[in-house]
Amino acid sequence: MGNVVQAAQEPAEQGEAMVGTGASAPPLVAVVEDSVILAETLCAALEAEGLPATAVPVTEPGDLLPRITALPARLVLLDLDLGPGGDGVQLVEPLVAAGRTVLVLTGSADPMRIAAALERGAIGHLVKGTGFEQVLGTTLRALEATGPLDPAVRTSLLCELARTRRRREEELAPFRQLTERETEVLVAMGHGRSAQQIAATWVVAEATVRTHIRGVLTKLGVRSQLEAAAAAWRAGVMPPLGAAQ
């Protein structure tokens with residue numbers, strides 16, 4: 001079949017069933033993917049190879065997890081970006097806990113999201129641009145596997161995830177030292193408020209505000225209010241004005 005995504009873009013042949021298993025054998029594979037065309041194309045292709053499969057709609061109201069676990073499928077091919085169905089990473093752990101094997105099939109370019117899915121118990125991952133022959137082969141391996149499909153790749157991704165988290169913790173550590181009032185001052189400064197304006201809004205002495213500003217500068221290791229605000233924006237910790245008040 002070639003590329004899975006390309007195949008999903010081709011029109012179905014007249015009379016071809018594109019809805020996974022109907023009244024035939026119970027599905028071995030559940031495909032959880034926000035693109036209906038891609039999900040149904042993949043199900044039809046798997047069934048053509050003797051693997052009963054069904055697509056789980058992600059746009060229907062209600063919780064997606066019980067709709068997946070209600071199926072007898074042993075393997076879940078899970079996209080990470082489920083649109084209205086939410087974040088697929090959050091489904092991995094409860095699916096594994098429910099006795100399902102999870103194989104990530106995703107177009108996500110973020111290796112840390114894939115690593116997070118592996119950390120939660122996914123057996124492996126495939127990229128959506130992968131040829132169908134590889135998708136089929138990996139699906140067959142996943143149905144028989146009792147551990148990670150590629151331990152070396154899993155270890156590498158999890159190590160990088162750990163390093164990324166450590167760097168993030170180091171980046172956030174100075175901001176976590178701020179008191180609640182210092183955080184409020186930082187937010188106000190980040191949105192262009194001067195010490196005089198902050199004091200007027202809070203109905204406090206300007207000297208009090210400047211004391212908080214000095215605390216912010218000291219804890220963040222910067223020399224100016226502008227540097228403090230820039231550091232907060234870079235770290236992604238600057239909420240909308242008023243959120244900390």
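This is a predicted model: local features need pLDDT of at least 70, side-chain atom pairs count only at pLDDT 80 or more; totals for chains, interfaces and linings use all residues.
Residues are numbered from 1 along each chain as its sequence is written, and side-chain values use heavy atoms, with hydrogens and water left out. Helices (H or I, at least four residues) and strands (E, at least two) are DSSP runs, numbered from the N terminus.

**The sheet**

- Five strands form an open sheet with parallel pairing, in the order E2-E1-E3-E4-E5; two strands pair if DSSP finds at least two bridges between them.
- Strand E2 (53–56) and strand E5 (124–127) are the edge strands, each pairing on one side only.
- From one strand to the next, the twist averages 25 degrees.
- Strand E3 (residues 75–78) pairs with strand E4 (residues 101–106) in the parallel sense over four bridges.
- Val76 stands opposite Val102 in E4.

**Helices H2 and H6**

- Helix H2 (residues 36–48) packs against helix H6 (residues 132–144) at an angle of about 70 degrees, with their axes 11 Å apart; axes are lines fitted to C-alpha atoms, for helices over the stretch in contact, and angles run from 0 to 180 degrees between N-to-C directions.
- That angle makes H2 roughly perpendicular to H6 (under 35 degrees counts as roughly parallel, over 145 as roughly antiparallel, 65 to 115 as roughly perpendicular and the rest as oblique).
- The contact (heavy atoms within 4.5 Å) is made by Leu42, Ala45 and Leu46 of H2 and by Phe132, Val135, Leu136 and Thr139 of H6.
- By class, this contact of H2 with H6 has six nonpolar, one polar and no charged residues; Ala, Val, Leu, Ile, Met, Phe, Trp, Tyr, Cys and Pro count as nonpolar, Asp, Glu, Lys and Arg as charged, and the others, Gly among them, as polar.

**Helices H5 and H7**

- Helix H5 (residues 111–119) and helix H7 (residues 151–176) pack at an angle of about 110 degrees, and their axes are 9 Å apart.
- H5 and H7 are therefore roughly perpendicular to each other.
- Among the residues making the contact are Ile114 and Leu118 of H5 and Leu157 and Leu161 of H7.
- The contact of H5 with H7 has nine nonpolar, one polar and four charged residues by class.

**Burial of H5**

- H5 is mostly covered, with seven of its nine residues buried (under 20% relative accessible area, with exposed over 50% and partly exposed in between; 1.4 Å probe, protein chains only).
- The buried residues of H5 include Arg113 and Ala117.
- Helix H4 (89–97), E4, E5 and H7 are among the elements covering the buried residues of H5.
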